[in-house]
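Hi everyone, thanks for coming. Let me put the structure up, and then we can walk through it together.

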Amino acid sequence: MDTATLDRTLSIAPMMDWTTRDYRYLARMISRHTLLYTEMVTAHAVLHGARDYLLGYDDTEHPVALQLGGSEPAQLAEAARIGADYGYDEINLNVGCPSDRVQSGRFGACLMAEPVLVAECVAAMQAAVSVPVTVKSRIGIDDQDEYAFLHTFIDTVRAAGCHSFTIHARKAILSGLSPKENREIPPLIYERAYAVKQDFPDCEIILNGGIRNMEQVAEHLHQVDGVMIGREAYQNPWFLAEADPVLFNSPAPFTDRHALVEAFMPYLERRYAEGVHPKHVLRHVLNLFQSVPGARAFRRHLSTRAHLPDATPAVLLEALQQVPR
């Protein structure tokens, strides 16, 4: 399947509870070209849950990809079709999440031990949609962490037609570590992803894990096709302001954070009119002024006021007044 329809030079990782539609809207205002991912949604939830709540997004979020979790090919194929009908630009299969809840459902990182099943899932999903189907994995699991294990996994899934892989350059430890610990304790081995690119030059290889700044992004791009950023893009969303000029030869939509916040207000007001309490949207704005004078007062105002029952969108402009212009 053609993966060239999307530019994956830089993307924001799917992160549970973080990459909600409200965060993605903010991220898109800061970078027009960075590829955005949803939180992981299980195929079962797509088929049987509150579909509009799970899959709804704002049209300005494009390019935006849907990440699915599951291990049943027919179910994943139907969920992928539904996601494509919603207009998502890519469907990604999660083969990297190490949480106990995910393992109990036989999907996430534990699926790396079953590459033939992953290949069957990918083939079924591709048959159901015309948008690219991609896979996000780790470099290994538990004691299955030699390069040969990763090579076999990529080779098997590639044979099913997947040509775009995002590789979190840590192995997943499936018992004994929490998801948070799995993002921090297993060592990063970027060379594994580099080796995959060398061995599978026809595949698009995206590197994920521990990348903190644009200098590191640029360095990795000498070895792989793209870089996916996780926590840094959430804990410091203004990080993305460099993306368009540095990576996409395009001017940044905003060069001033005050102007960005003022432009974000109509969206906040619209969500409020839809019945969404400001706290759900504004938690994604807390770190916008990181390392800027007044940032602490900005965060404090939002933290103490945005969650109040009678909070309105005006709380954001009140917080903005805490930051010198």
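Let's start with Phe 165: its bridge partner in strand E7 is Ile 205. Please keep in mind as we go that this is a predicted model. That pair belongs to a neighbouring couple of strands you can find on your screens: E6, residues 164-168, and E7, residues 204-208, run parallel and are joined by five bridges. As a reminder, strands of a sheet pair through backbone hydrogen bonds, either parallel or antiparallel.

What packs on the sheet here, touching E6 and E7? That is helix H9, whose direction makes about 175 degrees with that of E7.

Now let's zoom out. The strands form a closed barrel of eight, running E1-E2-E3-E4-E5-E6-E7-E8 with parallel pairing. From one strand to the next, the twist averages 30 degrees.

H1 lies across E1 (10-12), E2 (35-42) and E3 (64-69), and runs at about 170 degrees to E2.

H7 passes H9 in a right-handed crossing.

Who makes the contact? From H7 we have Tyr 147, Leu 150, His 151 and Ile 154, and from H9 Arg 192, Ala 195, Val 196 and Asp 199. Sorted by class, that contact has five nonpolar residues, one polar and two charged.

Definitions and conventions
Residues are numbered from 1 along each chain as its sequence is written. This is a predicted model: local features need pLDDT of at least 70, side-chain atom pairs count only at pLDDT 80 or more; totals for chains, interfaces and linings use all residues. Side-chain values use heavy atoms; hydrogens and water are left out. A crossing is left-handed if the near helix is turned anticlockwise from the far one by less than a right angle, and right-handed if clockwise. Helices (H or I, at least four residues) and strands (E, at least two) are DSSP runs, numbered from the N terminus. Contact means heavy atoms within 4.5 Å. Ala, Val, Leu, Ile, Met, Phe, Trp, Tyr, Cys and Pro count as nonpolar, Asp, Glu, Lys and Arg as charged, and the others, Gly among them, as polar. Two strands pair if DSSP finds at least two bridges between them. Axes are lines fitted to C-alpha atoms, for helices over the stretch in contact, and angles run from 0 to 180 degrees between N-to-C directions.
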